[in-house]
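Open the model in your viewer and keep the selection tool at hand. This tour goes stop by stop: what to select, then what to look for.

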Amino acid sequence: MARGKKQNPFAARKRQKRENGPQRPDRRSEPYEETKRDNVSFIKYYHLQKICPTEEEWTQFLESIRDNLPTTFRVTGFKGEAKALLNIIETQLFTEYVRAVAELHQKPPEQVERPLCLPWYPDGLAYQLQLTRKDIRRSEPLCRLHNFLIVETTAGSISRQEAVSMIPPIVLDVKPTDKVLDMCAAPGSKTAQLIEALHAAPEQHKIPPGFVLANDVDNNRCYMLVHQAKRLNSPCLLVTNHDSSVFPNLLQSNEDGTKAVLKFDKILCDVPCSGDGTLRKNPDIWTKWNLAQAYNLHGIQYRIVRRGAEMLEVGGRLVYSTCSLNPIENEAVLQRILKDADGALELVDAGHLVPGLKYNPGMTDWKLATKEVDTVYTSFDEVPESMRTIIRPAMFPLPAEDMAKINLNKCMRILPHLQDTGGFFVAVIVKRRQLSFEKNDVKDLVEKPAEAAVEEPQLDESGKPIEAKNVPWGPQRKRKRLHGYKEDPYVFFGEEDADYNAIKEFYQLDESLSKRCLLTRCVTEKKKNIYYCSEPIRKLVVNNEHNIKIINTGVKTFVRCENRHTVHPYRLAQEGLQTSNAFMGSSRRIEVHRDDLVLLLNCTDPTKPPSTHELKQATQDRCSELGVGSCILKYVDEQFTLFVVGWRGTSSLRAYVDRDETIHILRLLGADLSKFEVNKYEEAKKAAAAAAEAAAIAATAETNSGAEKEAPAATPMEAEQTPTES
């Protein structure tokens, strides 16, 4: 060590421990140990609760919950090409599936079980594969299936989602006119279903009159939620970040200009839970499960559903769901809110909305126990003083006469062995009248306190901020943020906006497209991205942006694209075309032949777009009528109609879509996809072979270098006798 340099005591201690102590085994080289799917407390507790009516069924339950979960996916139903994609799935994909599974399991194709169409999912748009996620991800024969699922999920055409997770949005029964709140929305698979239901009648509404407000308490998970929901490109979505149990009242504007507290028609409360219904998907829960989780979560679950009930419109519908089997998190929470509501809330049967689904009714009797389930309690009087802060009176079942009034048997308990799924709990509540504890004071919302406003720093004569006296560092130092990042502002277009007028003239926009619903995310004269949201969403943002943290809204519709050949600086965005197409005039439209569209989509080099001379004559004639700039490519098929953003160059035409959307459209057109197919196993083999070859060359070079160094130098006499090459 250099003189005067201070020694690191931690490094010295670590070095000494390594020298003196025994070497730890390198566990990374050992094979991964499968999680032991057993937990004595879990089995004892649920056997005690009699969640299965017979011992035979209990045995089936244990056998099923220890098995891996099959993979399920659903097709996005509101898109026009859904039926065409479903036909491709049922023919081409499932034929490939049978071949791949037969190769994987070394069995004849006729012995392979075909994918199961879930009988209770609307329009037969959901399928279950007898494969686990691990099988699909790590098996070379299933590589093409894996690629299909990834590409179509990214393109927004399908969603990979656990089967039982699809049930709550279905029984919520969302209509295009509904105001919907998803209280605990992340990661967003159920939110995506709600959006699909909202857009289920495109022939009746260009843009649905309703909306989905998706909220989550975790700031990071909110961005995961945005990523999931943005695949559907809906202008009727607003994502917020707030604690659902204390979600604030929101303002809405009435037609007469007055303000009122916003009430929702449909609310989904998919609350945080212990998750023991997901043991088949998350086997690590076996080692962590204990009763303390349910006791700790009961309170927050109750507060969330209570707040949801307060925000529900009279006559509205609320779905309470968990991926837990525990009555403490399910029936105990519901009996508590129904008792507090005193008849204002009613449990209703929703089995008719999921015909073919097998489930057990809700429980009306259950017991509580210690963490290790070694002591059982049937009433609060039996609970010792030391446990009374953990186990509360409201967790015990109500007396029989009170229990009969609330109809807990109308709840749905989905158990793994009934239809080879995960475990889930679902209950549907209808609000019959206003709650006694409901607060609807508009005055508090309209007259915001002065301290809620953002205080601007005071400046001196030279324009520098004046330091505050009460803090030593002055106003320049940022305060610690407890709720994630500060979001960019939402700046809506004004009545006289030069950019809007130019866009309207170039694309011949319909008057029904409200300019007030266009927005940007920065205050600048030169707008980069322009987003569009529905009118109800715009009002929500304008009325409530100071009451709640808004994470995201709007769908990208126009993008600044500077080009010296075009007279208009904004191009269309493929993400927003689903919405903006209905408002576009005919001046920037080109109807193309199938072969033309396949040619344009196969061009992956944006610097070398196809020349218009390579296209059909009709397409060439139409291109000659258009100036340089963005346009809409329209293709009409017997089953569907496609709209794709294009760019008309000076002598070329190209499609402006990303890779996954390109593959999706080419698949619908029946085109060759081999150019885009990537076999990660083949790539890995090539990389390994290249690395081995490079290592061999390096080793040979090192050997030769070593041999030259070791060879003895020639003596003068030897040097004279050595012939030289001419």
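## Stop 1

Select Ser 189, which lies in helix 8. Helices here are DSSP runs of H or I with at least four residues, strands are E runs of at least two, and both are numbered from the N terminus. This is a predicted model, in which local features need pLDDT of at least 70 and side-chain atom pairs count only at pLDDT 80 or more, while totals for chains, interfaces and linings use all residues. Residues are numbered from 1 along each chain as its sequence is written, and side-chain values use heavy atoms, with hydrogens and water left out.

Is Ser 189 buried or exposed? Ser 189 counts as buried because its relative accessibility is 14%. Buried means under 20% relative accessible area, exposed over 50%, and partly exposed in between, with a 1.4 Å probe and protein chains only.

Now show the contacts of Ser 189 (heavy atoms within 4.5 Å). Beyond its neighbours within four places in sequence, Ser 189 touches Arg 74, Gln 161, Ser 165 and Gln 228.

Next, select Ala 186, in the loop between strand 5 (179-182) and helix 8 (189-198). Ala 186 has 10% relative accessibility, so Ala 186 is also counted as buried. Setting aside neighbours within four places in sequence, the contacts of Ala 186 are Asp 216, Arg 221 and Leu 225.

Color the positions from the record. An unreviewed UniProt entry puts the feature "binding site" at Cys 184, Ala 185, Ala 186, Pro 187, Gly 188, Ser 189, Lys 190, Asp 216, Asp 243 and Asp 270. UniProt positions are given in the numbering used here, feature names are shortened, and annotations may be inferred rather than shown by experiment.

## Stop 1: strand 5

Strand 5 runs parallel to strand 6, with 4 bridges joining them. Find Lys 179 and look across to strand 6: its bridge partner there is Phe 211.

## Stop 3

Two strands pair if DSSP finds at least two bridges between them.

Which of its residues point which way? Thr 71, Phe 73 and Val 75 go one way, Thr 72 and Arg 74 the other, and all are buried. In a regular strand, side chains alternate between the two faces of the sheet.

Now trace the pairings:

- Thr 71 has Leu 129 as its partner in strand 3.
- Strand 1 meets strand 4 through 3 bridges, also antiparallel. Phe 73 has Arg 160 as its partner in strand 4.
- Strand 2 meets strand 3 (residues 126-129) through 2 bridges, antiparallel. Leu 116 has Gln 128 as its partner in strand 3.

Axes are lines fitted to C-alpha atoms, for helices over the stretch in contact, and angles run from 0 to 180 degrees between N-to-C directions.

## Stop 2: Gln 301

Jump to Gln 301 in helix 11 (residues 291-311). Gln 301 has 0% relative accessibility and so counts as buried. Its side chain reaches the backbone oxygen of Pro 272 at 2.8 Å. Leaving out neighbours within four places in sequence, Gln 301 contacts Val 271, Pro 272, Cys 273, Tyr 320, Glu 329 and Val 333.

## Stop 5

Select the open antiparallel sheet with the order 18-19-20-22-23. Its edges are strand 18 (491-492) and strand 23 (570-572). Strand 22 (residues 555-560) and strand 23 run antiparallel, joined by 3 bridges. Phe 558 has Leu 572 as its bridge partner in strand 23. Helix 16 (residues 498-507) lies across strands 19, 20, 22 and 23, at about 55 degrees to strand 23.

## Last stop: zoom out

Show the whole protein: 23 helices and 27 strands. Of its 726 residues, 49% count as buried.

Note on methods: Polar contact = N/O pair within 3.5 Å; in protein donor to acceptor, adjacent residues only side chain to side chain.
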